Amino acid sequence: MTQTDFVKLVMPFKDKVFRLAKRLLVSNEEAEDATQEILMKLWTNKKQIEAYKNVEAFSMTMTKNFCLDRLKSKQAQNLKIVHSNYQDNNASLQKQLELNDSVDWVSKIIEQLPEQQKIILQLRDIEQYDFEEIAEMLDMNQTAIRVALSRARKTIREQLTNTHSYGIK
Amino acid sequence: MVLNKIEHLLEKYDNGETTLKEEQQLRAYFAQNDVAPHLESYRVMFQYFANTKQEQFTKDVPLQTKKYTLYKWISVAAVAVLMMTAYFQMNQKTTLADLNHDELMAYNETVRALNLVSSKLNQGATSLSVLDFASNQFEKGEEQFNQMSEFSKTANKIFKNK
């Protein structure tokens, strides 16, 4: 496999990998590093990749596992502390900004969701994979995915309604 | 689109039961400007999803490494082969069996010429042996002469003493 072949193969889903990484790792730089790492891993294992039927699903699974590992690792824990400190200190200011921009508020709500719901919501509502593909990527059955997705969607809407009293009028 | 239908779809959506096609309809509905006010929270969600999908990975990924190590090893191998061939070329010994007909002829001619030269040299050496003999005789004569002069010395001493 030459470099051009590889780029052609990877092009359609590299943004999806990046967005999933960003969903899980929050920070833009972390997500970029993770994506770079994943693509490098794919490149070094390009011989095996050719044997896979669905490289995209495989890469998404890899991304999920890699990011969850990152979150567990020490570096990421440090990152989390910094992040929450930041939130605590500027809570009131941030809330004001978020009230102004309710679309950004959605991402804050998603951040609070459990990891699995985040991943499923990302794959379904943003990347628009069908349930069969998601089941393959996450090694879960479709019913469990539907349940988690329903919970995530309901939580987001509940929070939005509570904060902004949307839909009450 | 009828609001009733949208509301029905949203209920299914909340339960995670919509198909991709139905979700596409919802997206299309919320992408337009006049959304029913009580559905505003959904509009915010769908707008966020649409925005997020625009995000792209722009960083470059360095993909080389393997190719270059291959070239490096090829050059190392080439140098090794060159040195080996040079070494064997220097060490090669030619024997008579390796020569072809013409070369063998030339070799024989040379040997014969050299033999001729050496035989002539030997002849010269035999004539030199005469000179050798002569010089031997001279040495003998010189010895006798020395004895004579010794004799005369002692004779003079005797005469002087008298």
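This is a predicted model: local features need pLDDT of at least 70, side-chain atom pairs count only at pLDDT 80 or more; totals for chains, interfaces and linings use all residues.
**Chain B, first pass.** I read along the sequence of chain B and got the pattern α-α-α-α-α. My tally for this chain is 5 helices and 0 strands. I then looked up burial, and buried residues make up 10% of the 162 residues in chain B.

**Helix α5 of chain B.** Next I went to α5(B), which runs over residues 101–161 and has 61 residues. From first C-alpha to last I get 90 Å, close to the 90 Å expected at 1.5 Å a residue. How many of the 61 residues of α5(B) are buried? The count is 0, so I wrote down α5(B) as hardly covered, since a residue needs 20 or more other C-beta atoms within 10 Å of its own to be buried.

**Where the chains touch.** I turned to the contact between the two chains, and it takes 24 residues from chain B and 33 residues from chain A. On the chain B side, the elements giving two or more residues are α1 (3–14) and α3 (40–53). Which of them gives the largest share? That is α3(B), with 10 residues. By class, I sorted the chain B side into 10 nonpolar, 8 polar and 6 charged residues.

**α1 against α2 in chain B.** I checked how α1(B) sits against α2(B), the helix of residues 20–31. Their axes come within 10 Å and cross at roughly 125°. I therefore call α1(B) and α2(B) oblique to each other. Their crossing is left-handed. From α1(B), the contact uses Ile6(B), Leu9(B), Leu10(B), Lys12(B) and Tyr13(B). From α2(B) I listed Glu22(B), Glu23(B), Gln25(B), Leu26(B) and Tyr29(B). I sorted this contact into 6 nonpolar, 1 polar and 3 charged residues.

**α1 against α4 in chain A.** Last, I moved over to chain A and took α1(A), residues 3–25, with α4(A), residues 55–72. Parallel or antiparallel, roughly? The axes come within 10 Å and cross at roughly 25°. That makes α1(A) roughly parallel to α4(A), because angles under 35 degrees count that way. I noted the crossing of α1(A) and α4(A) as right-handed. On the α1(A) side, the residues I found include Leu9(A), Phe13(A), Lys16(A), Val17(A) and Leu20(A). Among those they meet in α4(A) are Val55(A), Glu56(A), Ser59(A), Met60(A) and Arg70(A). My class count for the contact of α1(A) with α4(A) is 11 nonpolar, 2 polar and 4 charged.

Key
Residues are numbered from 1 along each chain as its sequence is written. Chains are lettered from A and ligands numbered from 1 in the order in which they are written. Helices (H or I, at least four residues) and strands (E, at least two) are DSSP runs, numbered from the N terminus. The expected span of a helix is 1.5 Å times one less than its number of residues. A residue is buried if 20 or more other C-beta atoms lie within 10 Å of its own, exposed if 12 or fewer, and partly exposed in between; C-beta atoms are placed from the backbone. Two residues are in contact if their C-beta atoms, placed from the backbone, lie within 7 Å. Ala, Val, Leu, Ile, Met, Phe, Trp, Tyr, Cys and Pro count as nonpolar, Asp, Glu, Lys and Arg as charged, and the others, Gly among them, as polar. Axes are lines fitted to C-alpha atoms, for helices over the stretch in contact, and angles run from 0 to 180 degrees between N-to-C directions. Angles under 35 degrees count as roughly parallel, over 145 as roughly antiparallel, 65 to 115 as roughly perpendicular and the rest as oblique. A crossing is left-handed if the near helix is turned anticlockwise from the far one by less than a right angle, and right-handed if clockwise.
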